[in-house]
Amino acid sequence: MRTVEEHQAAVAALLPLMPEEDVALAEAHGRVLARDVSARVALPGFDNSAMDGYAARWAEVASAADEPVRLPVAEDIPAGRTDVVPLAPGTVHRIMTGAPLPPGADVVIPVELTDAGTDVVEIRGVLPAGSHLRRAGEDIAADEVALHAGSPLGAAQLGLAAAVGVTRLPVRRRPRVLVLSTGSELVAPGQPLGPGQIYESNSALLVAAVEEAGGQARRLHFVPDDVDQFLSTVRAEVATADLLITSGGVSAGAYEVVKDAFAGLGTVEFTKVGMQPGGPQGAGTVDGIPVVTLPGNPVSSFVSFEVFVRPALRRALGYASPDRLRAPARLAGPLRSPAGKRQFLRGRYDGGQVSQVGGPGSHLVAHLARANCLVVVPEDVTELPAGAEVDVVLIEGALQ
Ligand code: AMP
Ligand code: MG
């Protein structure tokens with residue numbers, strides 16, 4: 001029996017780092033940066049006003065703290081004004097947020113502290129020298145690294161890239177992942193169900209999981225437990241992929257189509273991993289393409305994807321942090337766990353506490369859909385009282 005870490009390493013070793021490609025900013029959302037990107041310009045690019053108000057010399061307006069000061073308004077500077085007029089002694093400039101600060105000014109008096117005059121302004125209060133100024137380069141200097149390799153590109157990162165004048169970003173190509181479910185009992189959702197039949201759900205689950213991990217998933221129509229049909233589907237499609245994920249057909253029963261079909265090839269290794277759910281696992285290559293074979297129970301498929309495939313995909317994408325966030329949590333109630341197997345129970349984490357959602361059964365998909373974390377119980381722990389501290393893995397895509 002393999003440990004969780006051993007099988008994680010085996011799966012991760014199958015997927016090389018994806019090649020780089022350059023994409024326009026508009027296409028970079030959700031991707032991962034492949035190389036450091038430097039700022040083309042400093043931010044702010046020039047000293048400017050943080051408020052709508054009046055640019056002044058602090059020494060000339062400091063006494064407004066005691067009694068109002070009246071000064072002529074020599075210039076009006078809206079944002080975007082490009083000529084720079086120095087501040088003449090004994091005057092102020094009316095200035096808007098983001099407009100360049102005139103040389104000579106060392107404070108901006110917010111309009112709220114004045115009578116808002118346009119020819120002459122009455123200043124009724126004053127703030128310390130330097131107030132409401134944004135200094136050139138205080139956010140980032142020109143040529144400084146703005147975004148580091150391995151950063152996920154979300155709203156804030158794309159905003160920064162645009163702000164520093166970058167138009168294209170180096171990212172890693174999204175791995176193309178084929179998802180193939182197996183099972184003679186499976187029926188496509190929307191079709192009538194016969195006796196003993198169930199709706200095929202793992203492909204919907206796995207396609208979404210791949211996309212959430214940053215991959216590009218393609219669902220192959222599921223196949224029955226027929227070795228020839230399974231193998232011909234795999235062989236017809238696998239060459240176009242970076243990874244094939246199968247579900248079902250890898251347990252200890254009879255009619256284990258994935259195991260039976262791949263056993264003859266000798267390039268896929270089937271093992272038991274010391275975890276629950278998701279014990280029976282397989283990994284290897286078919287026609288040179290990486291393959292990971294997940295067990296069919298939907299919760300097992302989900303957890304195995306989380307534990308083995310997601311980190312491998314994210315590593316291949318170059319994520320600086322390929323793993324989920326983890327948090328310590330106090331158990332709301334007691335729990336039991338079999339010896340020798342790491343448990344990944346479904347839980348709801350809230351404010352440092354975690355409650356188990358449903359039992360350990362790996363068929364409990366409705367409970368899975370209500371969970372927002374996996375509760376990790378180590379191999380050597382068989383019982384935990386309420387209040388004990390456990391590690392939880394925070395999963396996305398769940399109800400928050
Ligand atoms: P298997 O690993 O093929 O023995 O399947 C284990 C359990 O998961 C059985 O109850 C299957 O009916 C169920 N199962 C397998 N594949 C799927 C699937 N694609 N969608 C929903 N349930 C599945
Ligand atoms: Mg099956």
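**Overall form and salt bridges of a predicted protein chain**

**Figure 1. Surface and overall form of the predicted model.** Of the 400 residues, 46% count as buried (under 20% relative accessible area; exposed is over 50%, partly exposed in between; 1.4 Å probe, protein chains only). This is a predicted model, in which local features need pLDDT of at least 70 and side-chain atom pairs count only at pLDDT 80 or more, while totals for chains, interfaces and linings use all residues. Side-chain values use heavy atoms, without hydrogens and water, and residues are numbered from 1 along each chain as its sequence is written.

**Figure 2. The salt bridge of Asp287 and Arg235.** The side chains meet at 3.0 Å, N to O (a salt bridge is a side-chain nitrogen of Lys or Arg within 4 Å of a carboxyl oxygen of Asp or Glu). Asp287 is partly exposed at 47% relative accessible area, and Arg235 is partly exposed at 40%.

**Figure 3. The salt bridge of Glu306 and Arg324.** The closest N and O atoms of this pair are 2.7 Å apart. Glu306 is buried, at 10% relative accessibility, and Arg324 is buried with a relative accessible area of 13%.

Notes:
Chains are lettered from A and ligands numbered from 1 in the order in which they are written.
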